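Here's a protein chain to look around in.

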Amino acid sequence: MNTYTIVRPEHLNHHGYLFGGQLLKWVDEYAWLTAARDFPGCYLVTRAMDKIDFKTRVLNGSILRFYILPWKKGKTSITYQVEVFADEPAVSVEKKVFSTHVTFVSVNERGEKSALPKKARLRSERKSADR
């Protein structure tokens, strides 16, 4: 699943580039939105992000593409692979700027782990036209 956003001045750090914390916020939010679409009605909470890898700085005005796919599903958790690409202003080729895996756990109203529903196919799974 692809999601897009634009980098604005309020997203920049003191050096004038995208603040890493802002990117992590978007990664968590957009991965959660993907999980919520895959498992409607489930109460999903972020469990982990692994190997956070900032590959290069991101300029103001860049359009970011968040490419999010299911990577591993357990009984109570789902992990998504997240790759972020940037289209910088006046540049016609996007570049990979970030990657990680985000894991969500399904919990009940008491905060205890609960089983994810079994599904033959998730909405976010790759289709031939993706990527």
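## A cluster of rings

Let's start inside: Trp 26, Tyr 30 and Phe 66 are linked into a cluster by ring pairs. Keep in mind that this is a predicted model.

How many aromatic pairs does the chain have by this rule? The count is four. One of them is Trp 26 with Phe 66, whose ring centres are 6.3 Å apart and whose planes sit at 80°, so the pair is edge-to-face, as planes over 60 degrees apart are counted that way. This pair links distant parts of the chain, with Trp 26 in helix H1 (residues 20-38) and Phe 66 in strand E3 (residues 63-73), 40 residues apart. Trp 26 and Phe 66 are both buried.

Phe 66 has another partner, Tyr 30, and that aromatic pair is edge-to-face too. Again distant parts of the chain are linked: Tyr 30 belongs to helix H1 and Phe 66 to strand E3, 36 residues apart. Is Tyr 30 buried or exposed? Tyr 30 is buried, as is Phe 66.

Here are the two pairs next to each other:

| Pair | Centre to centre | Angle between planes |
|---|---|---|
| Trp 26 and Phe 66 | 6.3 Å | 80° |
| Tyr 30 and Phe 66 | 4.8 Å | 80° |

## The nonpolar core

Phe 66 turns up again in the largest nonpolar core, which has 25 residues. Phe 66 is among the residues with the most contacts inside this core, along with Leu 23, Val 27, Leu 64, Val 84 and Phe 104. Which elements supply at least two residues each? They are H1, E3, strand E4 (77-87) and strand E5 (95-107). H1 gives the largest share of the core, six residues.

Now pick out Leu 23 in the viewer. Leaving aside neighbours within four places in sequence, Leu 23 is in contact with Leu 18, Phe 54, Leu 64, Phe 66, Val 84 and Phe 98.

## Stepping back

What about the whole chain? It has one helix and five strands, and read along the sequence they follow the pattern β-α-β-β-β-β. The C-alpha trace spans about 45 × 35 × 25 Å along its principal axes.

Of the 131 residues in the chain, 38% are buried. Take the contacts between residues at least 6 apart in sequence: 68% of them join residues at least 24 apart.

As for charges, the chain has 22 positive and 14 negative ones, and their mean positions are 5 Å apart.

Key
Residues numbered from 1 in each chain as written. Predicted model: local features only at pLDDT ≥ 70, side-chain atom pairs only at ≥ 80, totals over all residues. Heavy atoms only, no water. Helix = DSSP H or I, 4+ residues; strand = E, 2+ residues; numbered from the N terminus. Buried < 20%, exposed > 50% of the residue type's maximum accessible area, 1.4 Å probe, protein only. Contact = heavy atoms within 4.5 Å. Lys, Arg positive; Asp, Glu negative; His and termini not counted. Charge placed at Lys NZ, Arg CZ, Asp CG, Glu CD. Phe/Tyr/Trp six-rings, centres within 6.5 Å; stacked < 30°, edge-to-face > 60°. Core = buried A, V, L, I, M, F, W, Y, C linked by side-chain atoms within 4.5 Å.
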